[in-house]
Amino acid sequence: MLEESAVTPMTAAEKAAMASASAGPEVTCCIVGAGPAGLMLGLLLARQGLSVLVLEAHGDFDRDFRGDTVHPSVLEIIDQLGLSEGLLALPHSRVQQFGLQTEAGWLELTDFRLLSTRYPYIMLVPQVEFLTFLAWEAQRWPTFHLEMGARVEGLLEQEGRIVGVRYRTREGWREARALLTVAADGRFSRVRHLAGLEPVKTSPPIDVLWFRLPRQPGDQLASGGRFLHGRALVVLERGSYYQLGYLIPKGGYQQIRQAGLAALRRELAILLPKELATRLETLQGWNQIAVLSVESSYLKRWYRPGLLLIGDAAHVMSPVAGVGINYAIQDAVVAANLLSASLRRGVLDERELARVQRARLWPTRLMQLVQEQMQRRLIAASLTKEGEQFRLPRWFRWLVRRRLVRLLLAHFIGLGVPRVRVKVAGS
Ligand SMILES: Cc1cc2nc3c(=O)[nH]c(=O)nc-3n(C[C@H](O)[C@H](O)[C@H](O)COP(=O)(O)OP(=O)(O)OC[C@H]3O[C@@H](n4cnc5c(N)ncnc54)[C@H](O)[C@@H]3O)c2cc1C
């Protein structure tokens, strides 16, 4: 099983070693975490000649499955930076429409082709490829530095202001000082914990088991949700394979595991057409299945003097509509838009960090509220008792049959509200 790990406390010996950290670089911005948020912010600041240090705990980008959806809004941002050709050259597949299969038939939910954008689709590209691409582009700028295998474990504080971080590398402990420290270190953010900021959590009623099945030429299964016989499966068509997400009641994984892989395959077979159900035999070990403990949370305060939190560190998004990467990148763009001028001047006021939060908190909360409704009214309701038929609520069917509603959904999911654009020029 590939599972996320939460923050572990340090031992006394580790704390003592950390205290003897050697002095390291002094930069304008130190970013903790080379995920989508951290790398995008680093790229945008480095393009303006600002010195950036990105610290990444892992030695490479090849981590557990973490989703691979790049929405039209991100494609527009990449286009604005003049990098779309390189991104689109990566092997990928595209989702233009998304619908729901229930016992009553197929219902189209949204169609990105309705959008007025050069990129009317969701690009599906493994996150490892996407991050490698962003890192490569950022490293072309001389003021951008990425240190892999650098785990931040402490914050440097001076007169109530965060002035940098302490981090651990193979060679030992180091310190980096910065005018601005940005926590882009994901859902289990160590920096958030160190800064004493507590997220407000909601409890989504589901978890997701992610896995792949081989796809063959002529397979007709469309990307979308399959809500059948009291079970629910998300299907993403990925060229040579299908990426599948089996939705289970919260905390239900242990029970599924105890019942065994053969029982899981039997359950999944009920959701798939015959020709695909036979391919479930390729699932031979739990290590082929990534468990996503679905969370949704937000910080009431995204900053402290000298410190800003963005991406999953500031808000964990539910996987409904697959917008986590999207929102993380939008945070980065807005942060660069609003803070670059001050960073260039070398003076940064707490109120400017508050402006970033103001700009991004409400879009995030709005999306989370919509996700909550979808989870409770559609997904949790679809996980009914064995044999019971799930019927989409009549009001829902009525709504999504309207073209305007499908367009609004495509806009909300694909482009975001408000639409985020890069406002700072590169050098
Ligand atoms: C199983 C799974 C499936 C998902 N599916 C999708 C999907 O289909 N579509 C979608 O949009 N989103 C999906 N998501 C969510 C998406 O991955 C996140 O929303 C997105 O990656 C957030 O980006 P981020 O840059 O804020 O954080 P992350 O991508 O989590 O990056 C944080 C980085 O910080 C590093 N880090 C952590 N702690 C430290 C430290 N102390 N020091 C240094 N570095 C540190 C981590 O190694 C990591 O590289 C999924 C998530 C999971 C777990």
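User: How much area do domain 1 and domain 2 bury between them, and what percentage of it is on carbon and sulfur atoms?

Analyst: Buried area is the accessible area, taken with a 1.4 Å probe, that two parts lose on being put together, summed over both; here domain 1 and domain 2 bury about 2,200 Å², with 66% of it on carbon and sulfur atoms. The model is predicted, with local features needing pLDDT of at least 70 and side-chain atom pairs counting only at pLDDT 80 or more, while totals for chains, interfaces and linings use all residues. Residues are numbered from 1 along each chain as its sequence is written, and side-chain values use heavy atoms, with hydrogens and water left out.

User: Where do the two domains lie along the protein chain?

Analyst: Domain bounds come from an automatic or database domain assignment, which gives domain 1 as 12-202 + 295-414 and domain 2 as 206-249 + 252-292; their centres, taken over C-alpha atoms, are 27 Å apart.

User: How many residues of each domain are in contact?

Analyst: Contact means heavy atoms within 4.5 Å, and by that rule 26 residues of domain 1 touch 26 residues of domain 2.

User: How many salt bridges does the rule find across the interface, and which residue forms a salt bridge with Asp-68?

Analyst: A salt bridge is a side-chain nitrogen of Lys or Arg within 4 Å of a carboxyl oxygen of Asp or Glu, and the rule finds 1 across the interface of domain 1 and domain 2. Arg-238 forms a salt bridge with Asp-68, and their closest N and O atoms are 2.4 Å apart.
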